[in-house]
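Here are my notes on this entry, written for someone who is opening it for the first time. Please read them with the structure in view.

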Amino acid sequence: MTATAVETAASLTRTMRDRAADWDARGSLPSGVRAELAATGLLGVDIPASHGGLGGTPEELGEVAARIGGACSALRGLLTVQGMVAAALLRWGTRPQRDRWVPPLASGERFAAFAATEEEAGTELGRVRTTVDEDGDDVVVTGHKRWVTFGQTADDVLVLGTARGRPTAVLVEGHRPGLTREPVTGQLGMRAAHIAHLRLDGVRVPRDNVVARPGLGLSHVAATALDHGRFTVAWGCVGMAETCLETAAAHAVARRQGGVRLAEHELIRAQLGRCAVEIEAARQLCLRAARLRAERSPEAVAATIVAKYAAARAAGSAGQGAVSTLGSAGCAPDSIAGRFFRDAKVMEIIEGSANVAELHIADRLLRRYGFRPGSTPGTQEEENTR
Ligand SMILES: Cc1cc2nc3c(=O)[nH]c(=O)nc-3n(C[C@H](O)[C@H](O)[C@H](O)COP(=O)(O)OP(=O)(O)OC[C@H]3O[C@@H](n4cnc5c(N)ncnc54)[C@H](O)[C@@H]3O)c2cc1C
């Protein structure tokens, strides 16, 4: 692995850890910060050089996500959604689509969002009701998408919908008439990630914006995007957990109560020890997922589900442990441990919830014993992403 991209991410985020508290409180990631990230080229870290990226390995992408995630979940969210849309286009887009849409994503000239969730379709994305109807050389998109990360500001949105009742995916440019953005503010975590619900009211886009033919929108296009997103979220969680552990350990050594340092209490040391092991285990699972992705192994998708599950749990434990160790300092408005404590809960929900990951992992296990489960959401998509 070349250190360059990872070093760039480390140096970019060194000052961002402290500034991110303000972005979180304001509920907005400044456009200058998004431009700063874009200027490093890191938004295209794993995009091939032929499409304007840095051509990095999955491990490099992961380490970059960990550095950024260890400073600011919203900024890591930007890397995630940009990468999700680019990955889906690179895998399933036509050559003209790849050549047109991917380079501006790699450079950050344009920012993208991924809109799948609806009121009746969260975990069960097979239930999306947004329609994509053909009309001459255009398609007309109608529906209501919820919880779209960077939906307030994205230049382009990859929308999961249905065409003639079959899943499809279509790129909708943000300037198209009929697209309304309803900002979501004050949510539990990722508060600076410009989240919005999107109304698509007869939005007309050229037919060329449709990515892959009807039938493949969920099982192929969205599945590839979600698998990529899960990978960067997993690594982002490792970064969050590592930051929480460092913060808790430094505080335990510095803070004295009753004449002794907190670190002298066995309960505090045991808590730190437990978190250190969980984080290292999550990191190793993320590295395994990265290796399998680099080898294009059919096991990579399942390994990514396991890594994301473990890393989100590690971030949850580390956040909770760090806030406990810091006491009131962990509850302060600018506490990074407090912010990651909130963000970590969100990580257990997005890109495949912890519940559903457990079912996937158990299903794979039970298959070895001849049991064929049929009802876990996303099982079919997992098969098709390989
Ligand atoms: C901060 C944030 C950012 C987001 N960004 C995006 C985005 O960019 N794009 C996008 O499309 N969506 C986004 N989402 C939406 C997110 O993907 C969904 O919230 C998630 O898929 C869960 O859907 P739901 O909230 O409708 O929960 P539900 O599907 O209603 O599930 C609620 C709970 O029930 C459990 N559950 C559901 N079905 C099953 C089952 N079959 N077996 C066992 N347990 C089950 C779930 O695990 C969960 O714990 C975001 C959400 C948040 C909070």
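1. The shell around the ligand draws on two domains, taking at least three residues from domain 2 (113-213) and at least three from domain 3 (218-385). Please keep in mind throughout that this is a predicted model.

2. In total, 21 residues surround the ligand, and the closest of them are G122, T123, T149, S353 and N355. The elements that contribute two or more residues to this shell are β1 (112-115), β3 (138-148) and α12 (354-367), and it is α12 that gives the most, with three residues.

3. Turning to the protein chain as a whole, its secondary structure consists of 13 helices together with ten strands. Its C-alpha atoms fill a box of roughly 80 × 55 × 40 Å when this is taken along the principal axes.

4. Buried residues make up 53% of its 386 residues, and, among contacts between residues at least 6 apart in sequence, 74% join residues that are at least 24 apart.

Terms used. Residues are numbered from 1 along each chain as its sequence is written. This is a predicted model: local features need pLDDT of at least 70, side-chain atom pairs count only at pLDDT 80 or more; totals for chains, interfaces and linings use all residues. Helices (H or I, at least four residues) and strands (E, at least two) are DSSP runs, numbered from the N terminus. A residue is buried if 20 or more other C-beta atoms lie within 10 Å of its own, exposed if 12 or fewer, and partly exposed in between; C-beta atoms are placed from the backbone. Two residues are in contact if their C-beta atoms, placed from the backbone, lie within 7 Å. A residue is near a molecule or strand if its C-beta atom, placed from the backbone, lies within 6 Å of it. Domain bounds come from an automatic or database domain assignment.
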